[in-house]
Structures are given as C-alpha cells and as structure tokens.
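Hi everyone, thanks for making the time.

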Amino acid sequence: MEDEGEAVASASNSYNQTPLPLFNVEIPEAVKRAENVMFTIHTSVPGQEKGHIVLRQFEDFEWLHHNLIVSNNIEGVIIPPLPAKPLSDPKSAEALSRRQLGDHTKVLRGDQFETDCKAFQKYLQLMLCHHVFGRDKNLASFLTDNEAPVRARVNKGIMNRLTNALDNARKGNHKDVDDYFTAQRHFANEYLKVAKEASLNFNKLLVAQWRLSSQYRILATELTSCEAERDESLVKLNRILKLLSEGCEDEAACYELKSGQGEMTLGLYFDLMARYSESLKDMHFRRTCSLIEFQTAEKAVEKAKPIKKAALQEVSDAAKKSFEASSEQAKKEITSFTQLRLLNSSEALSKYAEIQMKISQDFYSQLFHSRKALLELQL
C-alpha cells in the first residue's frame, strides 16, 4: 500500500511539474446538428503523435467554464473569457444578416463557424496556458474524454444579473488603499469602454464591406440583365456590359474576402479584448470586495467586547491574508494581461495588414485585366 501511495504521489508531482500547456488543441471545424453547433476538438500531448478527437457543443464549454471557476481560487485572477454562443437557429442567422446588410439584400451571410472555431480554440489555449486553470482535471477530462461531461444548467437568471449590477454600483467605486490599484482600476474602466467601442466600430467596418459587396452583386446582375444577345447591333454593348458585370463581381468578391479575413484577424482580437476587459474589471471588483471584507472585519475587532475580540481577530487576520494574497496575485495577472494584450495586438495587426494587402493586390490584377479588355474593344 505504501508503494502504491508513493507511486500516486510521484505521478501527481510529475503532473504538477510538467510545463504548461499540458495539451495542444486545435478546432478545425464545426458542424450544425439540429439546433446545436458541434465543435471537433483535436487534442494531443506535446511530443506525442497520438491524440484525442472529441465533439463538444457550446453548453459543454459553458459548463467547463463554470467548473473551472468554482473549482479554483480565482481571487486576483483575470479569467480568460468564454466566447459568445454561436448562432445555430436559421431564423436568428437570417435576421442577423438582414440587420447587418439591409432588409432588401440579396446576399445572406452564411454560417460563421470558422470564426467561432478560432475563438473557442483561443479560449482553450488561454485556459491551458493559465497557471491556475491549466492543470485542472475538469479541463483535461473535457479535452480527452469521448463523452461530454454530464452538465447541469448554469444559472444566468435576471435576478443574478440584477444582484451583480447592484453590487458593482455599491462597491465598485470603494476607495482603494493602494495607489497602484487605484490607477489600475481606473485604467480597467476606461479600457473596457475603449475595447468595446473598438470592437463595435470594427464590426461596423466589416458590415459596410459586406454591404458594398451586396451592392456590387446587385449591379452585376442588373448589367447582365441588360444584355440583348439576339440584336446584332448591340453585340459590342453586350460585351461591354458583360465585362463591367465581371468587374463588379470581382469587386464584390474582394470586399467579401476582406471582410471575412478581417473578422478572422482583427475582429477576433477586438472581440477577445472586449471580453477580457470585462474579466479584468471583474478581477478588480473581487479584490475590492476582499478589501471591504477586511476593513469591515477590522472595524468589528475595534468595536468588539473582550469576550468576542479573539474570535473576531482571527476573522480579521484571515480576511487580511486573503486580501494580501489577492493583491499579490492581481499584480502578476495584470502584468501577464498587459503582455498578452500587446503580443496579440501586434500579431493581429500584422496579420490583418498582410492579408488585406495580398487580397488587394490579387484583385487589382483582376480589375486591371478587365479594364484592359474594355479598352481593347473596338466600338
């Protein structure tokens, strides 16, 4: 029995000492099954060829996120944010397309599962690299077990949201005892506004590109419908209209590609930072709550009668220890978040610029040939 216990302890120590991430993950595709979107997750251990392939839906991710939070000490931790639920209802997807592109558009955006795959893959990678969540057994089971874990409904009722909003309003502006965290909390509040605004405005740009694409396709269709092929006197005009229509189709495809690739690069980054800024603000709020508990416990000790003072002093000491640990952890998390933000922004901007330039160059070549063909027509 002792040997068995030593073996278990040795395995546990080895597991805890293995550098993060413990797994490599990739989500190459997602498919719609009834009303759910199923993600295919490829998982492998670094250095090993054999891996696992599992299917998970959004509710599985949501349950994992819940378990990771409740199973770990999250004081001072900036929790990697869970992406939004993919649109799986056809009516919702159609309504979104018409809201973005206009009620009379003839172009309806298809499923955006490729973007969702990238977003959820990034989420898993962030969790796997996080020193608090990366070794959690719930995460390992989620990635390697064939069957999804049995889940319960996560309570997201209106009462919970109202309670959180009231707590934020009541405690969120509590005066801090540390100038560093006062400045950081102010930065978090301002960064949240800027991050959300940047994400919103960039999405407006993407939608504008899709709308331009839609209008170009309408124009291309109208130009084609003007053809009168049986009228010999209008043969040359028909050729001109056809070339113009092809040019419009090329331009429509260009804007579609620019919008789609923009969403996959800067769009994902802005969305991630907007959600991460919420997590940053939540971390500061939890630390502020810890500070309030400590200060309340201190006041209780000062007012306590001698018979209760010892017990209340223990409570105060525990609250102080928790607050100090939260502050120490928060400083590390803020540093890590800053590095993550700068690194991801650099990568996203570089990739966005590179892809946009390549798309423009490719379609410029096509438009150049269309223009050349027009000029060569003898009227």
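Let me start with how the spaces were found: on a 1 Å grid over the protein atoms alone, a cavity is a set of points where a 1.4 Å probe fits but cannot get out, while a pocket is an open set with protein on both sides within 12 Å along at least five of seven lines; lining residues have an atom within 4 Å of a point. Grid points are joined across faces, edges and corners, and a volume is the space filled by probe spheres set on the points.

A word on the source: this is a predicted model, where local features need pLDDT of at least 70 and side-chain atom pairs count only at pLDDT 80 or more, while totals for chains, interfaces and linings use all residues. Residues are numbered from 1 along each chain as its sequence is written, and side-chain values use heavy atoms, with hydrogens and water left out.

So, how many cavities of 30 Å³ or more are there? The count is two. The second largest cavity holds about 30 Å³, and its lining is Gln184, Phe187, Ala188, Leu280, His284, Ile334, Phe337 and Thr338. For the classes, Ala, Val, Leu, Ile, Met, Phe, Trp, Tyr, Cys and Pro count as nonpolar, Asp, Glu, Lys and Arg as charged, and the others, Gly among them, as polar.

The largest cavity has about 50 Å³ of space. Strand 2 (36-44) and helix 2 (58-70) are the elements that give two or more residues to its lining, which splits into three nonpolar, three polar and three charged.

Now for an open space. The second largest pocket has a volume of about 980 Å³ and 35 lining residues, with Lys122, Gln125, Leu126, Leu272 and Asn344 nearest its centre. Which helix gives the most to this lining? That is helix 9, with 11 residues. Helix 4 (113-129) and helix 8 (235-303) are also among the elements that supply at least two each. Overall, the pocket lining has 18 nonpolar, nine polar and eight charged residues.

Thanks, and I'm happy to go back to any of these.

Key: Helices (H or I, at least four residues) and strands (E, at least two) are DSSP runs, numbered from the N terminus.
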